[in-house]
Amino acid sequence: MKTILLLPLLALLLPGRATAQSPGPTTDTNRPQLHTIRVETAPKIDGALDEACWHSAPAATNFITFAPTFGQAAAERTEVRIVYTDEAVYVGAYLYMRDASKIRTDLSRRDNSSSADQFHVGFDTYHDRQNAFRFEVTASGVQRDLRMSPPNIFDAAWDAVWDARVKIQADGWSAEMRIPFSALRFPGKPDQVWGLQFARQIQYANEFSTWSPVDPNGGGSLPQWGDLNGLQQLDPPSRLAFSPYLAGTVQRSPVSTAPVEYANSQSLSGGVDVKWGLSESFTLDATLIPNFGEAQSDNTVRNLSPFEVQYEERRQFFTEGTELFNKGNIFYSRRIGGRPEGFFAAADGLLDEEILEKNPSVTPLYNATKLSGRTKSKLGIGVLNALAAPTSAVIKNTQTGETRTLETSPLSNYNVLVIDQLLPNNSALGFTNTSVWRAGSTRDANVSALTWNLRDKTNTYEFEGAGRLSQVFELQQRETGYFYNVALRKVSGTWSGLVQFAAADDRFDQRDLGLNRRNNFLSQVLKVSYGDYQPKGQRLFTFVEVAVENTFLNFPRRWEALELSAYGETRLKNQLTLALFALSQPLWYYDYFEPRVWGKKFHHAPFVFVSPQLTTDVRKRLFCSFELNFGESPIPKDAFVGLTVTPTWIASKHLRLTGSWSLSKDYTNFGAVNYTNPDDIIFGKRRITVFDNILSAEYLFTPRMSATIRGRHYWSKLYYLEYLHLNDDGSFSASDWQGNADENFNLFNIDLVYTWQFAPGSFLNLIWKDAVFAGDDIRQDGYFRNFRKTMQAPQDNSLTLKLIYWLDAARLRHRKV
């Protein structure tokens, strides 16, 4: 449910209004103010708050609720103080509870969401009201950190090295944080004012409150934070840290299936990550010979559409500190070090007597580097470069024993350049360029994007847009394409919305380093939203959004489809959250992409789809989300039904179990089956059944040691009822095609990860992965018979032990002195 997950994040970003609390230098006395003091002796980080400095520093109090309702006094009292030394800023918080037995102290992994009580602090160090660092600690002492940037972007992969400790008190709990200045970026000015926000999550009340009040209909973000005054004579420290790693892996992989043969391999690798603060504003991150073995396996699906599926980026280097690189929406980091372009071609080109002895599914990287930061004039600059090694498959002749290699991916260089100028009124103007160079005569590409968002002084309206230009160089030819979109938004108030126009020509192509779902379109969008966050009766809040989109094929100009959508969500006082999503294309429409041959079209029936959703009280140790899907069209027996159940059981302070069970059935679906002959494109009338089941268990030994096991079984079953010839007008006629496209597609994965943070920034990881792929064309198999066959299929197993040690150059210098 979108609102449940985003409320705590949005609360730190959305605006608020309050009067000043503490004296201090500031340019806006309408904001809440807190004054900090410099201390000669740093407090001991033990959570006790018993040092004298905590009694002499002014306190921030009077928190105001953001959720479940806005604008009320928080259920419990909170006092927060800040002091600083030459090396770090220290935060001390006392979180009172009238009944301390209600404090939730559930453990969780670092940087993961938590069901425990929490305290958050955010620093807008450049006071630009658009970028910030955020640090969180739970009542069990688990840490989490984020970077925030507009519009409502949360970089949860950003990791800083800092310390926090908590202590359970008789009348609540207390927390102390030490955040080194080396973990932050800030200007080199003698007197500074930082943007500031505190927040608290009280689980028993399901309440999220903030120091600077947050109006959900405010339409802003960081511009309405409070201020931190009193920072004087700060000297931005040198920032240089190394994280060398050593990893050993043993792997057992199938090399043939008839009969099943395995190959065992061992590898020992090492590399280093470097983080270097080139100045007070710019940081260089580099990874040399990276190893991403701890990244979770993808939730791969059987893709029957003509468009690519986007998978989540889980490699830390490509998720941490990348908010600048995502500005133009032309960078998809999974392109770097992804599956080699010739991975499937290696198997397709085998002779009868040949087998694949080795076919890497991931392209190894020599190195990757990124430079990012923002100048005093608020100009953001980002540069990313990655060099991917050439990749080859090894093919063995089973009769002669000889082997040969086939290059599946050439030496490749990837580059991203971003320039982003922040403007007044939370506005910005940006430019992004991506380029890919490949060795030899293979394809190269270059894509540029210009983006802007301009808001008025009242923070009510926004004019935003983007223009993109793609250039592809292949076979000594250059092909150029374009994309643009412009939109006018109302961003604040109970009512908000947008009007948007977008278009791309038939040559626009950003897929080399971006995600290119489709091109050749012209669309108009109208969207209206309503948010009422004042409680009425049994309802705590209501949000409703409706949208209309009209789409054309751009070249040649042809009408394509009309789409209507709506989403509504409300939460009741008993903490039940109800939601409804609806989607409809009410007219017969044309699909110009499903035939997979340019110039052809498929005349698609209108349909309606509805999805009611329910989430139980997330304060409970056992809660669950339910989602029901139903679709219908005028075609007889054309129904779609689906059910997803997602339970979570916090069995104890240390153990958390999560499941996700999803079943869907499309009784009548039409899709392209064979399109090798453009004059005889074969479609199939098919029945699609999909099971997607996930079960995970997480055991937390301590706040810094955990073990997680996650298993997933995905089964997509295609059962073809008949095969049809696609006519030129998009209709169907009978076909004598004799092929068989029935399919059972199975994936099974297990990820077991043990993590121990034995020192700041230093980890010992043990990772075991098991992967199975199985498939056939048998129609009659039920779920359990199919599952047994999947478990009997060849399995790919790997075990990796990885040691990462963090070295801070500044600390090393101090030790030498």
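How many of the residues of β6 are buried? Seven of its seven residues are buried, so β6 is mostly covered, where buried means under 20% relative accessible area, exposed means over 50%, and partly exposed lies in between (1.4 Å probe, protein chains only). This is a predicted model, in which local features need pLDDT of at least 70, side-chain atom pairs count only at pLDDT 80 or more, and totals for chains, interfaces and linings use all residues. Residues are numbered from 1 along each chain as its sequence is written, and side-chain values use heavy atoms, with hydrogens and water left out.

- Strands here are DSSP runs of E with at least two residues, and helices are runs of H or I with at least four, numbered from the N terminus.
- In a regular strand the side chains alternate between the two faces of the sheet.
- β6 runs antiparallel to β7, joined by six bridges; two strands pair if DSSP finds at least two bridges between them.
- β6 also pairs with β12 in the antiparallel sense, over seven bridges.
- Phenylalanine 119 has a bridge partner in each of these strands: valine 137 in β7 and arginine 200 in β12.

**Nonpolar cores**

- A nonpolar core is a set of buried Ala, Val, Leu, Ile, Met, Phe, Trp, Tyr and Cys residues joined through side-chain atoms within 4.5 Å.
- The largest such core has 40 residues, and Phe119, Phe123, Phe135, Met177 and Phe198 touch the most other members.
- Strands that each supply at least two residues of this core include β6 (118-124), β7 (132-138), β11 (172-180) and β12 (191-202).
- A second, separate core has 16 residues, among them Phe317, Phe318, Ile336 and Val418.

- Another open sheet has three strands in the order β18-β21-β22, with antiparallel pairing.
- β18 (354-358) and β22 (403-409) each have a single partner strand, so one side of each is left without a neighbour in the sheet.
- The twist averages 35° from one strand to the next, with axes taken as lines fitted to C-alpha atoms (for helices over the stretch in contact) and angles running from 0 to 180 degrees between N-to-C directions.
- Four bridges join β18 to β21 (residues 391-397), and the partner of glutamate 354 in β21 is asparagine 397.

**Salt bridges**

- The structure holds 45 salt bridges, each being a side-chain nitrogen of Lys or Arg within 4 Å of a carboxyl oxygen of Asp or Glu.
- Side chains of opposite charge can pair when their charged atoms come close.
- Glutamate 136 forms salt bridges with arginine 134, at 2.4 Å between the closest N and O atoms, and with arginine 144, at 3.8 Å.
- Glutamate 136 counts as buried because its relative accessible area is 5%, and arginine 134 is buried at 1%.
- Arginine 144 is buried as well.
- Arginine 315 and glutamate 313 form a salt bridge with their closest N and O atoms 2.9 Å apart, and both residues are buried.
- Salt bridges that share partners join Glu341, Arg438, Arg443, Glu474, Asp509, Arg511 and Asp512 into one network.

**Backbone points to check by eye**

- Most residues other than glycine have a negative phi, and most peptide bonds are trans.
- The bond from alanine 67 to proline 68 is cis, with omega near 10°, and proline 68 lies in the loop between β3 (64-67) and β4.
- A cis bond also runs from phenylalanine 555 to proline 556, with omega near -10°.
- Lysine 378, in the loop between β19 (365-374) and β20 (379-388), has a positive phi of about 70° although it is not a glycine.
- Lysine 378 counts as partly exposed because its relative accessible area is 33%.
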